[in-house]
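Please open the model in a viewer and keep the selection panel at hand. The stops below are given in the order in which to visit them.

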Protein chains: 2
Amino acid sequence: MDLASVEGLEGITIGRLASELAMSKSGLIGRFGDKETMQRAVLAAAIDRFIAAVWQPASRAAPGLPRLEAIVDAWVEHLRSGVFPGGCFVTTASVEYDARPGPLRDDVAAAVKRWLGVLEVQARRARDAGDLPADRDPADVAFELHSLASGGSVAGRVLGDDEALDRVHAAMRRAIGLPPLN
Amino acid sequence: MDLASVEGLEGITIGRLASELAMSKSGLIGRFGDKETMQRAVLAAAIDRFIAAVWQPASRAAPGLPRLEAIVDAWVEHLRSGVFPGGCFVTTASVEYDARPGPLRDDVAAAVKRWLGVLEVQARRARDAGDLPADRDPADVAFELHSLASGGSVAGRVLGDDEALDRVHAAMRRAIGLPPLN
DNA sequence: TTACAGGACGAACGATCGTTCTGTATAAAT
DNA sequence: ATTTATACAGAACGATCGTTCGTCCTGTAA
């Protein structure tokens with residue numbers, strides 16, 4: 001995962017990864033069968049880590065706006081933590097496969113769709129509870145949050161801008177009608 | 001540019017590009033010297049195309065909010081046009097090099113910084129004219145617009161969602177306080 | 001004591017990578 | 001008309017790519 005977050009899933013090389021793991025190429029690939037299966041396993045592992053870091057703690061908050069706020073906080077904190085030295089894994093994979101059909105693209109799309117669904121459900125609950133404007137489309141809210149996190153973290157990384165994630169956080173809170181943090 | 005927008009700048013291969021251009025490998029690389037110089041030339045050409053498609057028409061609008069609106073409209077239209085079969089070039093390059101130092105990373109960072117500067121200037125003008133709230137940070141506005149365009153277009157591509165750019169457009173207009181389009 | 005499954009190894013496969021060198025043909029300059 | 005420069009083809013280079021092969025070692029079951 002570390003290697004792929006920097007070089008991309010497509011940038012993983014059996015030879016290099018094997019030497020990084022102090023294994024032989026054949027010993028490594030024997031675990032998965034072929035490279036694509038290994039890439040899918042890496043992606044699945046990274047998604048699990050995201051869920052554990054963001055969804056799991058946030059799911060303890062009350063449904064609706066409180067949970068949405070908890071998600072946003074955990075999300076930004078996850079991006080800030082630097083668990084992946086190369087930035088958000090799914091964003092990297094999205095860019096890599098958005099124009100390249102195949103199982104990996106399907107896996108990435110499924111993961112993004114699932115996450116957007118989670119966000120949309122909470123946005124709808126928030127709207128039904130009166131915590132979001134009645135004319136606000138929950139799917140719009142979900143898509144906007146995802147776009148900000150994805151695009152913002154990439155821009156911050158390439159610029160080397162430490163304040164970027166603060167801006168992302170502020171924009172996400174603004175998107176769901178929460179007041180600035182301070 | 002077509003090839004790189006799909007496979008990424010790092011995914012360009014001298015052999016493949018040469019055969020796509022019906023040239024020999026040596027004939028192609030002879031033009032640039034080495035691969036990295038060629039990649040930088042491709043990136044520069046893509047940036048020129050972006051400027052021509054987005055900034056040039058928008059620069060005819062009055063400074064401040066009108067110009068910001070023109071930029072947003074042209075920007076979304078540029079993303080919609082599909083000039084690059086693999087999506088926004090600078091976003092792809094940002095993800096590829098955000099964790100990989102070198103001249104290409106520097107080029108990408110410089111381009112993003114320059115564009116954010118353009119957006120920030122117009123946001124400040126809009127704020128000074130009273131078209132944006134006085135407590136709204138122009139740099140925040142610039143960063144938010146960039147994040148939405150970048151992250152939103154990628155998400156839309158990987159999901160195969162045709163409405164995605166409409167959502168991006170709406171979110172960008174919302175970010176600068178403009179009313180929904182209809 | 002034997003049989004066998006699983007994991008990992010080193011070696012090798014053909015293919016492709018980026019780069020370099022040499023030769024030739026065309027166009028420009030003298 | 002002759003020289004010079006440029007553009008490109010062709011061949012070859014060492015390196016690395018993903019994959020496959022046969023072999024060995026270890027641990028468990030019969």
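Begin with helix α5 of chain B and select its buried residues: L65(B), R67(B), L68(B), I71(B), V72(B), A74(B), W75(B), V76(B), H78(B) and L79(B). Buried here means under 20% relative accessible area, computed with a 1.4 Å probe on protein chains only. This is a predicted model, in which local features need pLDDT of at least 70 and side-chain atom pairs pLDDT 80 or more, while totals for chains, interfaces and linings use all residues. Residues are numbered from 1 along each chain, chains are lettered from A and ligands numbered from 1 in the order written, and side-chain values use heavy atoms, without hydrogens and water.

Next, display α4 (35-58), α7 (103-128), α8 (138-159) and α9 (164-175) of chain B, against which the buried residues of α5(B) pack (contact: heavy atoms within 4.5 Å). Following α5(B), G82(B) has a positive phi, near 70°.

Now select DNA strand D and the 15 residues that surround it, the closest being T13(A), K35(A), S24(B), S26(B) and R31(B); near means that a heavy atom lies within 4 Å.

One lies 2.3 Å from a side-chain N or O atom of R31(B), and a polar backbone atom of I14(A) is 2.9 Å from a phosphate oxygen.

Conventions. Polar contact = N/O pair within 3.5 Å; in protein donor to acceptor, adjacent residues only side chain to side chain. Buried < 20%, exposed > 50% of the residue type's maximum accessible area, 1.4 Å probe, protein only. Helix = DSSP H or I, 4+ residues; strand = E, 2+ residues; numbered from the N terminus.
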